[in-house]
Amino acid sequence: MIPQPYKASEARYGGKMRYRRSGRSGVLLPEISLGLWHNFGAEAPFARSEEMVRYAFDHGITHFDLANNYGPPYGSAETTFGQIIKQGLGRYRDELFISTKAGYDMWPGPYGNWGSRKYLMASLDQSLRRMNLDYVDLFYCHRYDPETPLEETLQALVDAVRLGKALYVGISRWPLEAAAVAYRYLRERDVPCLIYQGRYNMADREPAASGILDQAQAEGAGFIAFSPLAQGLLTNRYLNGIPEDSRMAEGRFLKTAALTPERVYALRRLDKIASGRGQTLAEMALAWVLADKRVTSVIVGASSCRQLADNIKAMDSQAFTAEELAEIDLLTKAF
Ligand SMILES: NC(=O)c1ccc[n+]([C@@H]2O[C@H](COP(=O)([O-])OP(=O)(O)OC[C@H]3O[C@@H](n4cnc5c(N)ncnc54)[C@H](OP(=O)(O)O)[C@@H]3O)[C@@H](O)[C@H]2O)c1
């Protein structure tokens, strides 16, 4: 059978998906974005990866989040995405908002890690080649480097835009004081920081507690939450043991030690609250993050279209009663 060229659903903007403005920019991002950290590397079946990316786009998810070292092996999630672009999605390039990052361990030697201009520039070029793209929409510094002058890292971001390799820039996991320097430096060079990427979910509220969320808002940047489901913990995945095909069974980034009896108890109670709201636990966890209007979007991971479909349903009900919020606060203290 001759494969048909991919044609996106005509209904992709007519469904549930809503879009929020990233800070004081011109960019609207979908409330749900798709991240390719897990399940899109060379070890994952390509057909499933392609199906999930297409499913996402067909349902209004226009933002895809990558990084140089997503895989495994490093680089292979970008290669997968580049193949998906080549096999049809690329026709819709102007409807896609694609991000990548550099900052963590990528290649051996002194120039494949942290925040030097040497590393960031070379990495961005490699990412573009792997993804079959001329430019990315958003290039992030993936983490704060305490040893490289901030000006060097930030100027590399500015120059990536000046060279036409990225349209916008962002920072991820930068502490408050360094982020303040970044916002100012970038703004003064007319390349304002589009967005801050940080971990934020019901069980990890660090960006709210540390002031990162308020700071981003005050600086006119958006905030995008990664691991909004705590890597799958805040879903029905682990209510009754550890499924064989789960991230926890794989054991690299989500350890079985995370599943204490106290947490299982709390997760079951949270699941009950979600059922009372007519939601799955995953839907409720995403709705909880999106109820914070300082948040532009949540980046979910997924291992199936079924999970993605569930996550998109989070948009149905984002309001919480005071009782629900109080109970969630209490239960997530166990994390
Ligand atoms: N900036 C950074 O440093 C940084 C760090 C981490 C992540 N990120 C970004 O954030 C993205 C998301 O991170 P994450 O994958 O940890 O996010 P997550 O959404 O918290 O977890 C995703 C995992 O949860 C499970 N899941 C998802 N939807 C589900 C549902 N409806 N029902 C049951 N289980 C469900 C799946 O686990 P199974 O695979 O077990 O099925 C899936 O792989 C990454 O891809 C990346 O783009 C950025």
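**Exercise 1. Among contacts in the protein between residues at least 6 apart in sequence, what percentage join residues at least 24 apart?**

Before we start, note that residues are numbered from 1 along each chain as its sequence is written. The model is predicted, so local features need pLDDT of at least 70 and side-chain atom pairs count only at pLDDT 80 or more, while totals for chains, interfaces and linings use all residues.

*Solution.*
- Step 1: two residues are in contact if their C-beta atoms, placed from the backbone, lie within 7 Å.
- Step 2: of the contacts between residues at least 6 apart in sequence, 75% join residues at least 24 apart.

**Exercise 2. Find out whether Tyr-144 is buried or exposed, and name its contacts.**

*Solution.*
- Step 1: locate Tyr-144 in the loop between strand S6 (136-141) and helix H4 (150-162). Helices (H or I, at least four residues) and strands (E, at least two) are DSSP runs, numbered from the N terminus.
- Step 2: apply the cut-offs for C-beta atoms placed from the backbone: a residue is buried with 20 or more other C-beta atoms within 10 Å of its own, exposed with 12 or fewer, and partly exposed in between.
- Step 3: Tyr-144 has 20 other C-beta atoms within 10 Å, so it is buried.
- Step 4: leaving aside neighbours within four places in sequence, Tyr-144 is in contact with Arg-173, Trp-174, Pro-175 and Ala-178.
- Step 5: Gly-103 lies 41 residues from Tyr-144 in sequence, and their C-alpha atoms are 7.8 Å apart in space.

**Exercise 3. Work out which residues of helix H12 (residues 322-332) are buried and what they pack against.**

*Solution.*
- Step 1: the buried residues in H12 are Ile-328, Leu-331 and Thr-332.
- Step 2: these three cover an arc of only 90 degrees around the axis, so they sit on the same side of H12. The arc is that of the directions from the helix axis to the C-beta atoms.
- Step 3: Ala-322, Glu-323, Ala-326, Asp-329 and Leu-330 are exposed on the other side of H12.
- Step 4: the buried residues of H12 pack against helix H9 (261-276) and helix H10 (281-290).

**Exercise 4. Describe the protein as a whole.**

*Solution.*
- Step 1: its secondary structure comes to 12 helices and 10 strands.
- Step 2: the radius of gyration, taken over C-alpha atoms, is 19 Å, close to the 20 Å that the globule rule gives for 335 residues, so the protein is as compact as a globular protein of that length. That rule is 2.2 Å times the number of residues to the power 0.38.
- Step 3: buried residues make up 45% of the 335 residues.
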